[in-house]
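The following note sets out points for a colleague to check against the coordinates. Please read it with the structure open.

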There are 2 protein chains.
Amino acid sequence: MSLEVISKAKVCGGWHKQYSHKSISLNCDMRFALFLPPNASAESPVPVLYWLSGLTCTDENFMQKAGAFKKAAELGIAIVAPDTSPRGDDVADDEGYDLGKGAGFYLNATQTPWASHYKMYDYIVKELPALVEQHFPVTQTKSISGHSMGGHGALTIGLKNQEQYRSISAFSPITNPMNCPWGQKAFTQYLGSNKEFWREYDASELLASAQSRLPILVDQGDADNFLQEQLKPENLITAAKQSDSEIELRMQAGYDHSYFFIQSFIDEHIAFHSKYLKA
Amino acid sequence: MSLEVISKAKVCGGWHKQYSHKSISLNCDMRFALFLPPNASAESPVPVLYWLSGLTCTDENFMQKAGAFKKAAELGIAIVAPDTSPRGDDVADDEGYDLGKGAGFYLNATQTPWASHYKMYDYIVKELPALVEQHFPVTQTKSISGHSMGGHGALTIGLKNQEQYRSISAFSPITNPMNCPWGQKAFTQYLGSNKEFWREYDASELLASAQSRLPILVDQGDADNFLQEQLKPENLITAAKQSDSEIELRMQAGYDHSYFFIQSFIDEHIAFHSKYLKA
């Protein structure tokens, strides 16, 4: 598995780099971004926080707009930001911003025309960490976070792979995609109309049916335009109660769905993960 | 002078807002962005840091990518980020990224076809502060900073208006535009070929000919692709020695010309300005 460097820039004493590689899971060339803190070295490898972005994003949005590097450098945590879908001319797409490229929903698609490339679940859970751990001075210790569609990704992937991650956090996550327009559209297309197959990619369904051993932190702005129709954090809380799981949901007064919100609380999320990554 | 709100988002306890207004100096509609820290109110107005961006930028680059709000909120400083040139269909432009729209060079153009709109110097020095001080809970106490072409703007405007600003800082500034390709191209077009008229918009010329009473901080990455041909910080240091002015130039090892560099040191610039804004 080889990597090609696309860009590199020093930041906060560490390095931000973008790489491309041929993805086996996704059957296309993919790009991801990495922040390595200044203390990362072969002699002292660092843990990794995986960040999953939302609809329409690439590996760049979080890295350019979140302002996360100062705290990550201070705490000695690497950050990996993958793209949000397979890419390339032969990858199926849709005119909508919420389906196809930029909208992979972190699942393994089973339906035509999506199944040949849209395997973001396998990519995030298996291929990408293996690649990162092979090429960079990082440990196998990892946590996962994300925003909106990426918050859905972080919650579902974290809950389904509790042995692999130390902690989960999310900003403004789609908590119950089976019951919101974004999720219903995507799941119908990617997984087909049988809703039984949807449950394994729905954070509220997963959390209702099995207790989480992982610490979970969710921040949600109460001025978020998508709150009531698409995000529904109350459903996640109800689910957590059903399985007696612990989850901290913080409703943040006045904040919207943007990276200004993420920038406001990302330091607290990095500190939250640091506690468990270093435990 | 009336303002129209284009966007607003809560960030770090304060507010980021974009406004449009009809500019008299520039003879067109203009947009600017404002960060107001949480403690700003009519009863306790706050000082303002003006940020001037570089070539190709708008009011958005700094506000989205610099990660400046946490420190500005903590220290109680407002930030105003104007656009980098006049805008609109009837504003003269050029195919190059370094002339015309997005490349106003913070001067008052005297030549055809630029003179009818390109009066960024007047806009930044007079019109914009008057507008900001009329509409928002800020004091008349201000400092100025910027990046690249905006670093040139901050240095020249600060040096020429020392009674108006408390401190000046710059990231990777064009320090001696009379002696670099970007500056020579822009000044020939905007000011004509008589170089006598160029001196008043050249930071090194200004600093060589008159002592600065203001504290000046400059950060420059030594891995910046533009360092030798366009930026020439050594010329600014030579000029400061000629007039016995104080200036702190920090060469930052390994950093390039990007916002990753700015993000790495913006907190220190805000703290630097805060010391003088609150003195």
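1. A:N176 counts as buried, because its relative accessibility is 5%; buried means under 20% relative accessible area, exposed over 50%, and partly exposed in between, with a 1.4 Å probe and protein chains only. The residue sits in the loop between β7 (168-171) and α5 (181-191) of chain A. Helices (H or I, at least four residues) and strands (E, at least two) are DSSP runs, numbered from the N terminus. Leaving aside residues up to four places away in sequence, A:N176 touches A:D202, A:S204, A:L231 and A:N235, where contact means heavy atoms within 4.5 Å. With A:N235 there is also a side-chain polar contact of 2.7 Å. A polar contact is a pair of N or O atoms within 3.5 Å; within protein, one must be able to donate a hydrogen and the other to accept it, and residues adjacent in sequence count only if both atoms are side-chain atoms. A:N176 and A:Y276 are separated by 100 residues in sequence and by 26 Å in space, C-alpha to C-alpha.

2. On the basis of the note: this is a predicted model, in which local features need pLDDT of at least 70 and side-chain atom pairs count only at pLDDT 80 or more, while totals for chains, interfaces and linings use all residues. Residues are numbered from 1 along each chain as its sequence is written, chains are lettered from A and ligands numbered from 1 in the order in which they are written, and side-chain values use heavy atoms, with hydrogens and water left out.

3. The corresponding loop of chain B, between β7 (168-171) and α5 (181-191), holds B:S172. B:S172 counts as buried because its relative accessibility is 0%. Its contacts, not counting residues up to four places away in sequence, are B:H147, B:S148, B:D219, B:Q220, B:D224, B:L231, B:H257 and B:F261.

4. Chain A contains nine helices and nine strands. Its C-alpha trace spans about 50 × 40 × 35 Å along the principal axes. Of the 279 residues in chain A, 62% are buried. Among contacts in chain A with a separation of 6 or more, 72% are between residues 24 or more positions apart.

5. Helix α9 (residues 259-277) of chain A has a kink of about 50°, centred on A:F265. The bend at a residue is the angle between axes fitted to the seven residues ending there and the seven starting there. Since 15 of its 19 residues are buried, α9(A) is largely enclosed by the rest of the structure. At the start of α9(A), the backbone nitrogen of A:F260 has a side-chain oxygen of A:S258 within 3.1 Å.

6. Helix α4 (residues 149-160) of chain A has twelve residues and covers 16 Å from its first C-alpha to its last, close to the 16 Å expected at 1.5 Å a residue. The expected span is 1.5 Å times one less than the number of residues. Eleven of the twelve residues of α4(A) are buried, including A:M149, A:H152, A:L155 and A:L159.

7. The peptide bond between A:T112 and A:P113 is cis, with omega about 0°, and A:P113 lies in the loop between β5 (78-82) and α3 (120-135) of chain A. In chain B, the bond from B:T112 to B:P113 is cis, with omega near 0°.

8. Which residues other than glycine have a positive phi? One is A:N27, with phi near 60°, in the loop between β2 (14-23) and β3 (28-36) of chain A; A:N27 counts as partly exposed, at 48% relative accessibility. Another is A:Y106, with phi of about 55°, in the loop between β5 and α3 of chain A; A:Y106 is buried, with a relative accessible area of 0%.
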